[in-house]
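Good morning, and thank you for making time for this.

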Amino acid sequence: MTDLELGSLELSPIQMREMVDQAMNRITRLLTTFPDQKMDGSEDISPEDLAALVEQIPQNSTDFAALLDHIFEAGVPNSLNTAAPGFMGYIPGGGLFHAAIADLIGDSMNRYLGVAAVSPTLNAIEANVVRWFCEIVGYSPKALGFLTSGGSMASLSAVITARQSQLGDNFSKGTLYISDQIHHCLGKAARLAGFPSANIREIRGDENYRLCPDQIREAIMEDRARGLTPMFVGASAGTTNSGAVDPLPELADLCQEEGLWFHIDGAYGGFFCLTERGQKTLRGIDRADSIVLDPHKALFLPYGTGALLVRDGSTLRETHRSNAAYMPDLQDDNDLVDFCEFSPELTRPFRGLRVWLPMKLHGVGVFRDCLDEKLDLAQWIEREIAAIPELEVIAPTELSICTFAVADNGQTLEQRNRTTRKLIQFINAQQRVNLSGTHLHEIFVIRIAVLSFRTHKVQMEQLLEDIFAGLKAQGIRA
């Protein structure tokens, strides 16, 4: 930056525009050159390079252009390219640029959203976003919720709300029931909420990696006979491992009969309720007492956007309510909401704007169509893989995750897993797509997570080409 004097924290309009323009030039170049970028440059950085990243506190100013160089020329290339069209390794959303604009606006105006009275119009924007989410999953107007940094923090508040609602302050004998396939953050949330690890029952998934209601019912009976208090069942509306959807209606029936809190982790799969196929697959989600959603997954937003919804909003408010003499008068209705009253945070960023802006700009139909495309792509690649004799689809593709491994041709499990690992290493080494591996019980599988709004048929065709090439490279296929 040529004429920028940094003696004051207050910038002139010219300086502000020049900084944004310089940053925008780098951002535009980054977002329009994905085919020329490596999928994963994190392996290129040496231990010596890492050691050199440690910095002392700066005493003097640094040229803005040099700082941009460090970010875009040193930092970005030496990382996993989760924003690229070929990234199908974890469950990303791709990062809508609209949300970056919303963050620039929200961070610049820096208004406070914890209490409705001080920013009623802006507060209504975020409250509307939460209402939209409640409507998407089928909740009534009695529901409340809030946006948070992601599914982990949302899960923590869900468990604490369930604990308080079910057991009050005396919860040492409370027991929780989760699948061995559910996201690990739920078990972590239970421990952070004060439950002993011994009170968290991990139920092994069935042959399709789904939670079995009969096993939970049996565990409940055993725990009650031991003087414990069953209180919580956690189910998945699309697991991270394989995309499996637990039998939600049956689990809802069980919880209703036994008087347990029914929680659903819909961080990955919940927003597929926007589609007709997703609504059928996720039937029963509206019967959950609480639901976690991650807009930074299936609404394609940048990392740092999660949500907790609770069907009976009064339980959320009763759990989190607190006050002090220095607080303004707070609301007691669901129209003008004080987010500090039913979430852990008093000071909080304006997360709602990064959801509201792209949804208002485009309308929900664009998101629905994009999710339908991801369902199509996942089903297409599953069919293609199933038709390759040397490969085996390990779990049924219910949403947009497909898992596969080399076929069992009589080798030991260790040999089979080793061959599958070599295949994923070959695929990722081509730097056109990026996949991840996981274990479904004892089997090591390759996992294709199709969720970025930038991922289309061309990336799936490239993936298939690399699969064939990887099989030939190992001599598995002629």
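By a salt bridge I mean a side-chain nitrogen of Lys or Arg within 4 Å of a carboxyl oxygen of Asp or Glu, and please keep in mind that what you see is a predicted model. With that in hand, the side chains of Asp376 and Arg277 form such a bridge, at 2.9 Å from N to O. This pair links distant parts of the chain, since Asp376 sits in helix α14 and Arg277 in helix α10, 99 residues apart. Asp376 is partly exposed, with a relative accessible area of 42%, and Arg277 is also partly exposed, at 30%.

The structure holds 25 salt bridges, and another one of them brings together Glu398 and Arg210, at 3.0 Å from N to O. Glu398 belongs to the loop between β8 and β9, while Arg210 belongs to the loop between β3 and α8, so this pair ties together parts that are 188 residues apart in sequence. Glu398 counts as buried, at 19% relative accessibility, whereas Arg210, at 21%, counts as partly exposed.

Staying with β8 and β9, these two strands pair in the antiparallel sense over four bridges, with a hairpin of five residues joining them, and Ala395 stands opposite Thr403 in β9.

Which residues touch the most other members of the largest nonpolar core? They are Phe133 and Phe262, in a core of 86 residues, to which helix α5 gives the most, with seven residues. Apart from that core lies another, of 25 residues, including Ile388 and Val406.

How values were computed
Residues are numbered from 1 along each chain as its sequence is written. This is a predicted model: local features need pLDDT of at least 70, side-chain atom pairs count only at pLDDT 80 or more; totals for chains, interfaces and linings use all residues. Side-chain values use heavy atoms; hydrogens and water are left out. Two strands pair if DSSP finds at least two bridges between them. A nonpolar core is a set of buried Ala, Val, Leu, Ile, Met, Phe, Trp, Tyr and Cys residues joined through side-chain atoms within 4.5 Å. Buried means under 20% relative accessible area, exposed over 50%, partly exposed in between (1.4 Å probe, protein chains only).
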